[in-house]
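Subject: Structure handover

Hello,

Here is the structure I said I would pass on. My notes on it follow below.

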Amino acid sequence: MILAYRDVRIDAPGSHRVRCTDKEEMFTALYELESRDGAPLVLFGCDVGKVSDAERRGLMRRIGFVPANGGLLSNLNAWENISLPIAYHAPQSLGGALAEVHALLNELGGVDDALLAKLPDDMTLYERRLAAYIRALLEAPDLLVVDDAETGLGATKRQRAARFAEVYRTRFPGGTYVEFNG
Amino acid sequence: MLAVYRELEGSAQLLAHAIRRIGVLRVPPVAEELTRQIYFTGAAATGGIVLRGAFIGTLIIAYVIEVLNADAALAVKMLLWVVLREVGPLIAAVLVIQRSGTAVATELALREISGEVASLRRMRIDPQDYLVVPRVVGMAVSNAALTLYVQLIAVGGGMVLAALVINVPLAEMLNYFFVLASPLDLVYSLLKSLLFGAAIAVIACYHGLHPGSRSINAVPQAAIRAVTEALLAVMLLNVIFAYLVYGVAFFGLVTAQR
């Protein structure tokens, strides 16, 4: 079992689009790794309510997030936002990360390298989601949780955002991509 | 009463966390936050200090000599006692509260409300390590530097302006200064200003990270609470310091048994 919470059950790797009744609750539970009203939250076969702190941190490391608004820090530019987890946890691999970011930007297309110098307030919604997506991918998550990648975007950007699942699955064939829609 | 206790406890916990986790400043993104904090609190505030410091120094000398009809020795003594021990650290602290205390409380409250703090947690970054530690250290160091700057400007500028305005020889004042100045005064004011800066930072961080509600109205309220409590804390710490080091508090109304 990869993910089970209330009416949502995902038990095999792959790309999944899930329509859940209370998306906000689902995201809060996954974000904080804490369920509401004691409802069991199962991730990678572990009941999150019964694991130790170390195991919790281990679980957190395996999950990547792409919030609908990007969840970026407002005083850091796109590159600083993208590289923040790596610069914090493994600064020695920062050099390789830049090449990876350029590769992902080329692969997804639609934006140039100037994006990396932009502050979140100057970015479009798609650019903020893209930055959050790249930030998540750099940590090679086993489970990538995406909040409505295409909502609020124009037709061209929607097509590009629709490729998030495909690019993730190409890079991490054993991984699970879950996109929640309200 | 319970709220006051909770705020004191929360601020003390943040200070303890900052001291315990000071090593996190070696992590590159935290070091960058520290640099930003020192720039905004210390470097960018120096302009406002110059005029205030020089005016206060001149005022003290002019008041002592012209109004109290004292000699240059007493004027310099007053300048040293008042500026080095009390007014210097207080002016710097008030400036830091006014500029950085409000900025930190507002910024952190906005980050909390907009979900940036939760986002940090999701990146397995402890918000207290990333947001609080560099602000506490940065504001303590910046406040100490600003205090030194105020003291230099107020004492130096005060003596120079007094020599020009009220016709007291500069050489005579300098002579008295070197005779009367004690390293203890500098160490005392340095320690005090470090503590003032740290206290302002933890109070601003506490209110910023606990804005009370998710509404945007909570942001100015957090800033107001931070400023009010930081001013109170600085005044209280000043009294405690004066009592512990010199055995007097409240301008001599309370004295220690010797």
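I start with a strand of chain A. A:L143, A:V145 and A:D147 point one way from β7(A), while A:L144 and A:V146 point the other way, and all are buried. Buried means that 20 or more other C-beta atoms lie within 10 Å of the residue's own; exposed means 12 or fewer, partly exposed is in between, and C-beta atoms are placed from the backbone. Strands (E, at least two residues) and helices (H or I, at least four) are DSSP runs, numbered from the N terminus.

Before going on, two remarks on the source. This is a predicted model, in which local features need pLDDT of at least 70 and side-chain atom pairs count only at pLDDT 80 or more, while totals for chains, interfaces and linings use all residues. Residues are numbered from 1 along each chain as its sequence is written, and chains are lettered from A and ligands numbered from 1 in the order in which they are written.

Back to β7(A), residues 143–147. Since 5 of its 5 residues are buried, the strand is largely enclosed by the rest of the structure. Strand β6 (residues 63–66) of chain A runs parallel to β7(A) and is joined to it by 4 bridges; there, A:V66 stands opposite A:V146. Strand β8 (residues 176–181) of chain A also runs parallel to β7(A), with 5 bridges between them, and A:Y177 in β8(A) is the bridge partner of A:L144. Two strands count as paired if DSSP finds at least two bridges between them.

Chain A also has an open sheet of 4 strands in the order β2-β1-β4-β5, with antiparallel pairing. β2 (8–10) and β5 (46–47) of chain A are at the edges with a single partner strand each, so one side of each has no neighbour in the sheet. Strand β4 (residues 41–43) of chain A pairs with β5(A) in the antiparallel sense over 2 bridges, and A:V42 stands opposite A:D47 in β5(A).

Next, chain B. Of its 258 residues, 43% count as buried. The C-alpha atoms of chain B fill a box of roughly 65 × 40 × 35 Å along the principal axes.

Helix α1 of chain B (residues 2–20) has 19 residues and reaches 26 Å from its first C-alpha to its last, close to the expected 27 Å, the expected span being 1.5 Å times one less than the number of residues. B:S11, B:L14, B:L15 and B:A18 are buried in α1(B). They cover an arc of only 95° around the axis, which puts them on the same side of α1(B); the arc is that of the directions from the helix axis to the C-beta atoms. The exposed residues on the other side of α1(B) include B:L2, B:Y5, B:R6 and B:E9. The buried residues of α1(B) pack against α6 (127–165) and α8 (183–209) of chain B.

Last, the contact between the chains. Chain A gives 14 residues and chain B gives 11, where two residues are in contact if their C-beta atoms, placed from the backbone, lie within 7 Å. On the side of chain A that touches chain B, α2 (53–62) and α3 (78–89) of chain A are the elements that give two or more residues.

Regards
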